Amino acid sequence: MSAVDNPKQPAKEWEPNIVGFACNWCTYAGADLAGLSRMQYPPNVKLVRVPCSGRTNPQFVLRAFQKGADAVLVAGCHPGDCHYATGNYFTRRRYLLMQRMLEFMGIDPRRFQARWISGSEAPKFRDVVTQMTEEIKALGPNRKLREEI
Amino acid sequence: MKRIGVFVCHCGSNIANTVHCEKVAQVAKDFPGVVLSTDYKYMCSEPGQVMIQEAIREHNLDGYVVAACSPRMHEPTFRKCAARAGMNPYMVEQVNIREQCSWVHANKEKGTEKSIDLLRMGVAKVVKNEPLYSTTIPVTKRSLVIGGGIAGIQAALDIANAGYPVTLLDREHTIGGRMAQVDKTFPTLDCSACILTPKMVEAAQHPNIELMTYAEVEAVDGFVGNFDVTIRKKARYVDFDQCTGCGACTEKCPKKVPSEFEMELGMRKAIYTPFPQAVPNKPIIDAKHCRYLLDGKCGICKKVCPTGAVDYEQKDELIVERFGAIVVATGFEQFDISAYEEYGAGKIPDVITGLHLERLMNASGPTAGKIKRPSDGKVPEKIVFVKCVGSRDEAKGRPYCSKACCMYVAKHATLLKEKMPNSKSYIFYMDVRTPGKNYEEFYARTQNEYDAQYIRGRVSKIFQVGDKLIVRGEDSLLGRPVEIEADLVVLAAGMDPRGDAKDLARTLGISYDQHGWFTEAHPKLQPVETHTAGIYLAGACQGPKDIPDSVAQASAAAVKAAGLLSKPELTSEAMTALCDEAICSGCGLCQSICPYKSIEIKSINERYHGQMRQRRVSNVNQGLCQGCGACTVACPSGAMNLKGFTNDQILAEVDALCQR
Ligand SMILES: Cc1cc2nc3c(=O)[nH]c(=O)nc-3n(C[C@H](O)[C@H](O)[C@H](O)COP(=O)(O)OP(=O)(O)OC[C@H]3O[C@@H](n4cnc5c(N)ncnc54)[C@H](O)[C@@H]3O)c2cc1C
Ligand code: SF4
Ligand code: SF4
Ligand code: FES
């Protein structure tokens, strides 16, 4: 069946869908600065604004994979710079555990990343998003954990 | 289902150039809950806001989403806009299609697609929003200042002058701190006592200031606006109400001990005032050395006291007082030089520190201002200074600069030359740092007019030969070893945090860095606040500082404290954590993760199978919670939630982003 015959599958290149959790004080601000500086990057990562990276419950990450996300990014202030002093230390610990658990379930660790991006690191934000998009493109769609839609 | 409005902003051409705004608004019409979706050139403009307000009324909206710039920019605008139309301001969500779409994705189709995704996310969230309200708490209009050095005194005076009662607490017998020990002050060389004593007296006599010396903070409960502070008033064994400060007791006391104030270069009695200008100027008994208190013998002071003020039975007293704000100004300690064995520090009596020299230079010091070296009382001619002792030395665990030493060494060299024109000062240094008003000029004069010789390089060894001290080092500019035969060596010992700073930090619930300096809430923008609302920092307890910096910071802290006290009541965050008591197991995991100590475990009574029972559950103090959400993730029962960022809301956002 060609793409033309099948209206449900347009001849469009597959694009990864990446859910990003960004802390309000650093990474979200870094993304804002990337915008203000008119930096260009792929549109695949969509940010959910959370007060602190430490608000990111592992449950949210699992849910994203279940619902069909191809990757998840958790991003916040650099260790030591969390607006709430200690939130990202917990993020860091949790993230390492979580990544191993996901790997155990067959999810490539590249599909779950944590990054520290400050409010002034717009180039870093752009690079992280670009790199992650490329990596996930190469990995292809995620099928693990995914609910049948 | 809630009735949701959607407003897509063009931001002039900022968004509309690379996002099909009409299309985005069109697609949003089909999102669940949306009853109205429209676009407009400038949503944040007055006409834009009027349009939103009219739509709220006309369509009876429960909430709305604005797709525009960053919420970090205009969220307050759109919340206020809702409030003006009678909608709870927290029923608004803003999605960012400018910074995160139009400006970063030149491809208009892709930018539009992402904008739609983000908007779907915003709508999915807002249907789960609930009206939120801030709560108010009363403020106790009194302030506590802990530490009565120059910083604490200044903070207390400023708060008192702003009209609020202040308790100025010091653990020592007198206020004044380190500045009282200093002889003259750079860069103007005015005598320290001459500028400090009037301030000490002013603080003592100020109608709004209560002086509480020889007292320590034992415990702090409560939170911003209402701290309940347990204070230990240590036994002085002298009834200050009766004592006139005549001094008869001190004169007659037979027990002599080295004076801490004089850096042990002089003696004091067991019943004493540390220095003549002490405030309060009444003696106390040092229980560790008093013969009567140690073994019941003596009792002379009681006999000679004309007013019967001596009271050997006095005990420590614990009191609890409530304060709205706390300023911490506990200062620093001089680095303990005995860590530098290679300098004979702590062993050779004529290797002294900066503070020792201050006391030797002081007219009311142990030598009445004559520079005599400790070992044999000889007047020194060649004096060597070694800088950065206990500063900028990784090996000693002190990588930081102590800030005041460069200047106080220049001051010492100048004053020594003035006192003893035949003397010569040699100063070993790594760098000379003079970043203050008139500091560089002062340093230049020290070299040019006061003949101080600066030698760049580290000293490797100091040892005694006969009655001379041999100082061996290297002149790194000339690249050759130097050796100086000195009469006196002064180590410019750096500043250390108070030995018990960490204990106090834990009592107060504030943070400290790896060395023990108290941490400010933000190194640039909140330099006097701490992470605990209502507690402020002043002076050297936050990091090494000289007097001008300490005073400036103290006034800043005072403004913060007075600003807090000036409020009739405090309005707390609306987006705070909330515990669902029905499913909370009382495990307390949330309590330990909260950086602001906002969570307590309380007991509740409930009916269970027809019987009353007690159960422990978590309780978030709405006045303290800053809304970080850490507790929500720590909670194994899913009982803890964050208002405005609930689990349900975020999961709905995730679902919306994945559903395409
Ligand atoms: C040798 C030397 C010379 C100096 N010369 C100069 C100079 O010429 N010019 C200049 O600008 N600066 C000079 N300085 C720096 C100056 O001493 C400090 O900047 C200043 O003392 C800092 O004031 P502070 O109030 O922050 O701390 P401190 O002076 O240390 O006062 C802190 C007070 O808090 C009290 N305290 C501590 N812990 C507690 C507690 N837990 N509970 C209750 N009370 C407590 C202490 O008893 C003390 O009274 C010099 C420093 C040194 C070492
Ligand atoms: S949200 Fe943060 S500040 Fe509030 S109670 Fe939870 S952990 Fe503490
Ligand atoms: S962590 Fe959850 S279950 Fe445990 S006390 Fe806190 S709210 Fe209750
Ligand atoms: S606020 Fe950014 S990670 Fe905590």
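What follows is a short exchange on how terms apply to this predicted model.

Local features need pLDDT of at least 70 and side-chain atom pairs 80 or more, while totals for chains, interfaces and linings use all residues. Residues are numbered from 1 along each chain as its sequence is written, chains are lettered from A and ligands numbered from 1 in the order written, and side-chain values use heavy atoms, without hydrogens and water.

Me: Why is G346(B) called exposed?
Reply: Exposed means over 50% relative accessible area, buried under 20%, partly exposed in between (1.4 Å probe, protein chains only). G346(B) has 65%, so it is exposed. The residue lies in the loop between β19 (332-334) and β20 (351-353) of chain B.

Me: What makes M105(A) partly exposed?
Reply: Its relative accessible area is 32%. M105(A) is found in the loop between α3 (87-104) and β4 (112-116) of chain A.

Me: How do you know that the size of chain A agrees with a compact globule?
Reply: The radius of gyration is taken over C-alpha atoms, and the rule is 2.2 Å times the number of residues to the power 0.38. For 149 residues a compact globule would come near 15 Å; chain A has 16 Å, so it agrees. The C-alpha trace spans about 55 × 40 × 20 Å along its principal axes. Of the 149 residues of chain A, 52% count as buried.

Technical notes: Helices (H or I, at least four residues) and strands (E, at least two) are DSSP runs, numbered from the N terminus.
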